[in-house]
Structures are given as structure tokens and as C-alpha cells.
Amino acid sequence: MTAAALEIGSSRTVVLVDGLTRTRIVQYAGASGDFNPLHTDETYAKEVAKSPGVFAHGMLTMGMAARAVTDWIGEEQLTGIGVRFTSQVWPGDKLTATVTVTDLSDGQARFELTTTNQDGVVVLAGTASGRVEA
């Protein structure tokens with residue numbers, strides 16, 4: 001990716017998932033080794049944790065959001081990502097990420113990253129950076 005291909009203020013919006021499935025959440029649990037019952041056991045989530053039900057791992061949400069950046073600049077260019085999880089992600093949610101270029105300097109592009117659900121609730125907010133050629 002070249003700096004000339006990017007412009008401060010330019011952005012992309014990408015639908016990450018339209019109808020997050022419980023299967024995908026459990027698959028992530030298996031891939032990550034994180035079998036916290038809040039994410040995999042409906043009875044535990046409701047009765048013990050007093051949650052409305054199981055919800056997605058924050059890192060699953062972050063991984064999907066990071067893809068919005070890497071699909072734009074390339075996986076090998078990503079140099080950093082930092083996020084805050086601001087709301088839970090539930091089975092059935094539609095997640096949309098918006099990536100905006102905030103800075104281009106010193107061979108780096110810096111991005112603001114926001115992910116919202118189908119109701120417009122921000123579920124993740126953060127920044128990312130990646131190498132760019134002059």
C-alpha cells in the first residue's frame with residue numbers, strides 16, 4: 001500500500017457479519033481455547049451470570065474488525081491495533097466496521113476504527129496503524 005493511495009479523512013465501511021451465529025462463537029472458542037461458559041453455555045450465562053444469554057468473545061469482535069483494516073492495507077502491513085469493547089455482541093447481531101484514515105506520516109498510516117451493531121450501538125472503538133510506502 002502506498003501513502004498516495006490513501007488520503008486523510010478517507011474511510012471504508014464494511015459489514016463484518018450479518019447475523020452472528022452461536023456456531024461461529026463456539027468455533028471461535030475452540031480456535032482460541034477460551035471456553036468461558038459466558039460464551040458457550042446458555043444455561044450458565046442466564047442462571048449463574050444473570051446475563052440475557054451467551055455473547056461473543058471480545059477478541060472475536062476485534063478480529064473481525066481488524067479484517068476491515070487488513071482488507072484495505074494488507075495483513076503484512078498492519079503494525080498495531082488497540083481497541084475498547086464498549087458493548088456486548090450477541091448472537092444474531094449484524095456488525096459493521098468503519099475505518100477512517102487519521103494520519104499519514106513517517107511511513108505509517110493511522111486509522112480510527114469503529115464497529116457498530118444493527119441498532120447503531122458502538123460495540124468496539126479503537127485505532128490501528130500500518131506501514132505505507134511513500
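A residue counts as buried when its relative accessible area is under 20%. Keep that cut-off in mind for the close-ups below, which all come from a predicted model.

**View 1. Strand β5 is mostly tucked away.** Of the 10 residues in β5 (residues 122-131), 7 are buried. On one side of the story is β2, which runs antiparallel to β5 and is joined to it by 7 bridges. Look for Arg 84, which stands opposite Ala 125 of β5. Then there's β4, also antiparallel to β5, with 9 bridges between the two. Here Arg 110 has Ser 129 in β5 as its bridge partner.

**View 2. Phe 55 meets Trp 90 edge-to-face.** This is one of the 2 aromatic pairs in the structure. The ring centres are 5.6 Å apart and the planes sit at 70 degrees; edge-to-face means over 60, so that's what this pair is. Phe 55 comes from the loop between α3 (42-48) and α4 (58-73), while Trp 90 comes from the loop between β2 (78-85) and β3 (94-105), so the pair links parts of the chain 35 residues apart. Phe 55 is buried at 12% relative accessible area, whereas Trp 90, at 24%, is partly exposed.

**View 3. Trp 72 and Phe 111 make a tilted pair.** Their rings are 5.7 Å apart, centre to centre, with 50 degrees between the planes. Trp 72 belongs to helix α4 and Phe 111 to strand β4 (residues 108-116), so this pair ties together parts that are 39 residues apart in sequence. Both residues are buried.

**View 4. Helices α1 and α4 cross.** The axes of α1 (residues 22-32) and α4 are 10 Å apart, at an angle of about 100 degrees. That angle falls within 65 to 115 degrees, so the helices count as roughly perpendicular. From α1, the contact uses Arg 24, Ile 25 and Tyr 28; α4 brings Met 59, Leu 60, Met 64 and Arg 67. In that group, 5 residues are nonpolar, 2 are charged and none is polar.

**View 5. Gly 9 and its contacts.** You'll find Gly 9 in the segment before β1 (11-18). Leaving out residues up to four places away in sequence, Gly 9 touches Thr 100 and Val 101. Its C-alpha atom is 9.9 Å from that of Glu 112, a residue 103 places away along the chain.

Technical notes. Residues numbered from 1 in each chain as written. Predicted model: local features only at pLDDT ≥ 70, side-chain atom pairs only at ≥ 80, totals over all residues. Heavy atoms only, no water. Phe/Tyr/Trp six-rings, centres within 6.5 Å; stacked < 30°, edge-to-face > 60°. Helix = DSSP H or I, 4+ residues; strand = E, 2+ residues; numbered from the N terminus. Buried < 20%, exposed > 50% of the residue type's maximum accessible area, 1.4 Å probe, protein only. Axes fitted to C-alpha atoms, helices over the stretch in contact; angles between N-to-C directions. Parallel < 35°, antiparallel > 145°, perpendicular 65-115°, else oblique. Contact = heavy atoms within 4.5 Å. Nonpolar A, V, L, I, M, F, W, Y, C, P; charged D, E, K, R; others polar. Pairing = 2+ DSSP bridges.
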